[in-house]
2 protein chains.
Amino acid sequence: MAMDVTFLGSGSAYPSPHRGASALVLRNEGDCWLFDCGEGTQTQLMKSQLKASRITKVFISHLHGDHLFGLPGLLCTVSLSFPPLQSQPSVLPESHTQSHSSVHVDIYGPRGLRQFLRVALGLSASQLLFRYAVHELEPTADQCPPEGQIGFMTAPPTDDHLHPQEVLGRTISLCQADGCYTLLEDERVVVKAFRLFHRLPSFGFSVQERERPGRLKTQLLKQLGLKPGPDYGRLKNGGSVTLEDGRVVTSKEVLEEPVCGRKVCILGDCSALVGEEDALRVCRGADLLIHEATLSDEQQERAVEHGHSTPSMAAALARACQAHKLVLNHFSQRYKPVSQCKEGEEENVLDLKKQAEEALEGTNVEVLLAEDFLTLTIPIKRLTK
Amino acid sequence: MAMDVTFLGSGSAYPSPHRGASALVLRNEGDCWLFDCGEGTQTQLMKSQLKASRITKVFISHLHGDHLFGLPGLLCTVSLSFPPLQSQPSVLPESHTQSHSSVHVDIYGPRGLRQFLRVALGLSASQLLFRYAVHELEPTADQCPPEGQIGFMTAPPTDDHLHPQEVLGRTISLCQADGCYTLLEDERVVVKAFRLFHRLPSFGFSVQERERPGRLKTQLLKQLGLKPGPDYGRLKNGGSVTLEDGRVVTSKEVLEEPVCGRKVCILGDCSALVGEEDALRVCRGADLLIHEATLSDEQQERAVEHGHSTPSMAAALARACQAHKLVLNHFSQRYKPVSQCKEGEEENVLDLKKQAEEALEGTNVEVLLAEDFLTLTIPIKRLTK
Ligand SMILES: [Zn+2]
Ligand SMILES: [Zn+2]
Ligand SMILES: [Zn+2]
Ligand SMILES: [Zn+2]
């Protein structure tokens with residue numbers, strides 16, 4: 001039930017000794033999901049308490065190098081710690097006939113990502129000891145200025161040459177019904193992507209736990225004379241049971257409060273939302289909203305020109321979607337970590353925090369600063385209905 | 001006249017917090033040349049005294065990720081510190097019509113490297129503020145087992161889609177006359193590549209300074225009554241001058257001893273030389289021979305199976321080519337840097353040094369261990385003829 005986020009890289013543009021390039025890990029019930037993978041992410045992982053080999057899903061917000069260039073190396077290193085495939089991996093590209101259930105790492109990201117990995121892993125002759133699939137999100141033309149479309153346009157749209165360990169992933173288009181991309185839905189969690197405006201098409205990701213029914217009040221059930229068995233199941237699932245004395249026991253009486261699903265939203269680089277209403281709906285009530293703030297409010301013009309945000313811009317989204325906590329992230333490398341800041345210094349990351357806090361006056365939104373190796377826990381919430 | 005080598009990554013397979021992935025910088029008269037560029041090289045550069053922006057040539061020994069995956073990010077970061085091009089870089093792929101003199105970074109490496117950079121820089125929409133050229137070396141089929149040829153075979157051999165800042169480089173084939181690849185020849189230096197056997201085609205590089213005539217003994221010239229001018233030039237260039245008294249002054253009398261060109265040889269991953277005689281000739285008398293020693297002598301079978309070398313194998317080459325110093329490099333990540341080794345520990349990198357030293361008994365070859373951020377100076381040598 002533990003859910004936490006660990007920042008591995010909180011810097012923008014390139015990795016520095018003070019701030020790695022973009023990467024963070026969301027842990028949820030033992031699953032490790034990586035969001036963005038800038039150069040050096042595997043080394044940051046080694047320095048953290050996390051294990052690269054536990055990563056089963058990777059989400060790439062956009063194809064800028066500071067979010068992407070660590071991915072081929074990460075996959076190779078995950079493979080080194082991997083038990084050999086039952087049958088040795090074939091060097092022939094026939095694995096895409098495998099069923100998707102054999103896939104160990106699912107990778108989600110914008111169109112072009114398949115091609116990038118095929119060429120990077122292919123030319124380096126990297127054989128992986130597991131299968132991977134790349135699920136490509138089709139951006140829409142309004143996610144970037146016209147220049148930004150060149151990058152992904154050059155990627156040939158053909159899928160005839162898969163990497164030997166690649167299983168062909170899904171191609172995911174914008175859902176016309178809800179204005180989002182549905183990446184994953186199971187009984188525990190729903191993951192959606194929404195559109196951002198940046199120099200290249202960029203995406204935000206929302207990880208939403210489903211609400212879970214409360215636990216059975218077993219003490220009370222015993223008092224009522226009910227024994228474990230079908231009755232328990234019926235009550236757990238919202239049904240009711242009639243006792244021997246004719247009294248009807250409802251689910252509501254014997255269940256603790258339901259556990260509200262937690263929501264974490266992680267945005268890629270952006271200067272604006274695209275399809276604002278839909279994005280706001282997906283982010284509504286986020287427990288943790290992780291948003292870039294590359295430059296300070298004073299530099300908003302420059303920030304926007306480069307497709308980036310400022311603390312006030314991040315705060316405006318946090319306010320609009322009623323987030324609980326806003327984490328500023330992806331700082332210009334001029335901003336040193338708090339522990340290395342000296343008072344009175346010109347470029348102080350604490351000033352960015354203040355700017356967001358001022359923009360959030362009158363709300364209860366808490367503002368935090370991302371820092372490499374910072375872990376934030378998202379506690380379980382019990383709903384009082 | 002200063003010439004030195006700084007190791008940025010002395011580890012194999014992947015970058016770790018203790019040993020970066022393969023990279024080293026050779027400095028010669030202000031030029032910075034990078035040999036291999038594993039993931040994280042740009043961060044290692046930042047931690048060192050070197051400046052990424054000074055790098056004007058990059059040599060990639062082979063396309064394995066631990067030697068290559070840092071290159072796209074490095075180029076992007078060099079660009080960030082670069083003065084804008086006189087005319088803003090065009091987004092249209094027309095720069096290959098530019099003359100080669102406009103190229104700021106020359107990159108040398110095996111076939112496939114162009115394609116790798118085009119896709120990595122292209123899909124990430126990385127616009128560089130300088131032009132680069134990739135000079136591809138054509139490997140021969142005997143440089144790797146048949147499986148290794150798959151990687152570079154998948155690279156389409158077409159050059160119709162250059163990166164916007166790419167100037168089409170040379171394609172360099174094995175010279176039948178000397179069994180080597182001539183990458184560069186100017187009045188100061190000759191750079192050649194020679195063939196290595198590895199899981200992928202791999203190369204070694206030899207940087208050979210040309211011999212320079214000694215300085216004029218100006219004190220002596222004054223005594224002889226000669227004044228600066230054409231006579232000085234003639235003597236400097238090996239000619240002779242007749243004094244007023246009829247006496248002939250030869251170049252040899254008035255020149256200090258010539259300065260012998262230094263030679264540094266840097267080998268990529270290998271388990272053997274290909275075209276041994278030619279490679280030995282190129283490496284003959286190297287002042288510094290930098291050779292991988294991924295595993296210990298006890299693990300030679302495993303090392304060779306993976307296309308790697310042991311200390312004794314490196315020593316055998318140092319002995320055969322009469323190198324002055326042998327630097328062991330590219331250690332398995334199990335070998336911690338000397339400063340972190342505890343006595344009696346099982347996997348001690350000092351054992352690798354001992355093995356090479358024992359194999360070199362009876363010679364004067366000095367054995368050194370590469371370590372991240374170690375700088376080795378190659379002193380000027382004056383020849384006594
Ligand atoms: Zn970024
Ligand atoms: Zn970006
Ligand atoms: Zn290697
Ligand atoms: Zn290798």
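Predicted model: local features only at pLDDT ≥ 70, side-chain atom pairs only at ≥ 80, totals over all residues.
In chain B, the zinc ion (ligand 3) has four protein donors: Asp66(B) through OD, His67(B) through NE2, Asp269(B) through OD and His330(B) through NE2. The donors lie 2.1 to 2.3 Å from the ion. Angles subtended by the four donor atoms run from 89 to 165°, which makes the arrangement around ligand 3 irregular. A tetrahedral assignment would require all angles to lie between 85 and 135 degrees. Along the chain, the donors of ligand 3 follow the spacing D-H-x201-D-x60-H. The zinc ion (ligand 4) lies 3.4 Å from the zinc ion (ligand 3), and Asp269(B) coordinates both. His67(B) sits in helix 2 (residues 65-68) of chain B, whereas His330(B) sits in the loop between strand 17 (325-329) and helix 12 (349-359) of chain B, so the pair ties together parts 263 residues apart in sequence.

Chain A also carries zinc. The zinc ion (ligand 1) is coordinated at 2.2 to 2.3 Å by Asp66(A) (OD), His67(A) (NE2), Asp269(A) (OD) and His330(A) (NE2). Its donor residues are spaced D-H-x201-D-x60-H in sequence. The four donor atoms subtend angles of 89 to 164°, so the arrangement around ligand 1 is irregular. Asp269(A) coordinates both the zinc ion (ligand 1) and the zinc ion (ligand 2), which are 3.4 Å apart. His67(A) is located in helix 2 (residues 65-68) of chain A; His330(A) is in the loop between strand 17 (325-329) and helix 12 (349-359) of chain A, so this pair ties together parts that are 263 residues apart in sequence.

Chain B contains an open sheet of eight strands, in the order 7-6-5-4-3-2-1-19, with mixed pairing. Strand 7 (171-172) and strand 19 (375-377) of chain B form the edges; each has a single partner strand, so one side of each is left without a neighbour in the sheet. Strand 5 (residues 103-110) and strand 6 (residues 131-137) of chain B pair in the parallel sense over seven bridges. Within strand 6 of chain B, Leu137(B) is the bridge partner of Pro110(B).

Helices pack against this sheet. Helix 3 (residues 71-80) of chain B lies across strand 3 (31-35), strand 4 (55-59) and strand 5 of chain B, at about 175° to strand 5. Helix 4 (residues 113-123) of chain B touches strand 5, strand 6 and strand 7 of chain B. The direction of helix 4 makes about 145° with that of strand 6 of chain B.

Note on methods: Residues numbered from 1 in each chain as written. Chains lettered and ligands numbered in written order. Heavy atoms only, no water. Donors = N, O, S within 2.8 Å, 3.2 Å for Na, K, Ca; no water. Tetrahedral: all angles 85-135°; square planar, octahedral: opposite > 155°, others 65-115°. Helix = DSSP H or I, 4+ residues; strand = E, 2+ residues; numbered from the N terminus. Pairing = 2+ DSSP bridges. Contact = heavy atoms within 4.5 Å. Axes fitted to C-alpha atoms, helices over the stretch in contact; angles between N-to-C directions.
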